[in-house]
Amino acid sequence: QVQLVESGGGLVQAGGSLRLSCAASGRAFSSYNMGWFRQAPGQAPGKEREFVAAITSNGGSTDYPDSAKGRFTISRDNANNTGYLEINSLKPEDTAVYYCAATTSYFLRHGGYYSYWGQGTQVTVSS
């Protein structure tokens, strides 16, 4: 079991930056690949959360969808069991609940392959 707790969300103006954290406890965090997903307000029920970034267990490889490249940066500190997502040049359309998740799978873009999820942290971007 891995427990994940996100923090760092809040209300920011467009153009600002945020650094989200994901604190892990339980089984060895360094054994898991980690991803960040988001769910926008009013998203249709059953629609999969949007993938925004992933990083392998040792931090050696990262993956982003085209929509996130250049503004989103994922990182991790295995010594402190913490993952991070930095978002720059925030836009109103980045408003969402952001979730971190952990998996032993290498299908990192698909939420269905993640075994553990945090409760989410709200990011609201005002124009």
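**Close-up 1. The disulfide of the predicted model.** The structure, a predicted model, holds 1 disulfide. Its partners are C22 and C100, with sulfur atoms 2.0 Å apart. The two cysteines link distant parts of the chain, 78 residues apart. C22 belongs to strand β3 (residues 18–26). C100 belongs to strand β9 (residues 96–103). A disulfide is a covalent bond between the sulfur atoms of two cysteines.

**Close-up 2. Geometry and setting of the C22 and C100 link.** The angle about the S-S bond is 65°. The link between C22 and C100 is right-handed. C22 is buried. C100 is buried as well.

**Close-up 3. N81, a positive phi in the loop between β7 and β8.** N81 has a phi near 50°. The value is positive, yet the residue is not glycine. N81 sits in the loop that runs between β7 (72–77) and β8 (82–87). Its relative accessibility is 30%, so N81 counts as partly exposed.

**Close-up 4. S89, a positive phi in the loop between β8 and β9.** The phi of S89 is about 50°. This residue, too, is not a glycine. S89 is placed in the loop between β8 and β9. The relative accessible area of S89 is 42%, so the residue is partly exposed.

Terms used: Residues numbered from 1 in each chain as written. Predicted model: local features only at pLDDT ≥ 70, side-chain atom pairs only at ≥ 80, totals over all residues. Heavy atoms only, no water. Disulfide = S-S within 2.5 Å. Helix = DSSP H or I, 4+ residues; strand = E, 2+ residues; numbered from the N terminus. Buried < 20%, exposed > 50% of the residue type's maximum accessible area, 1.4 Å probe, protein only.
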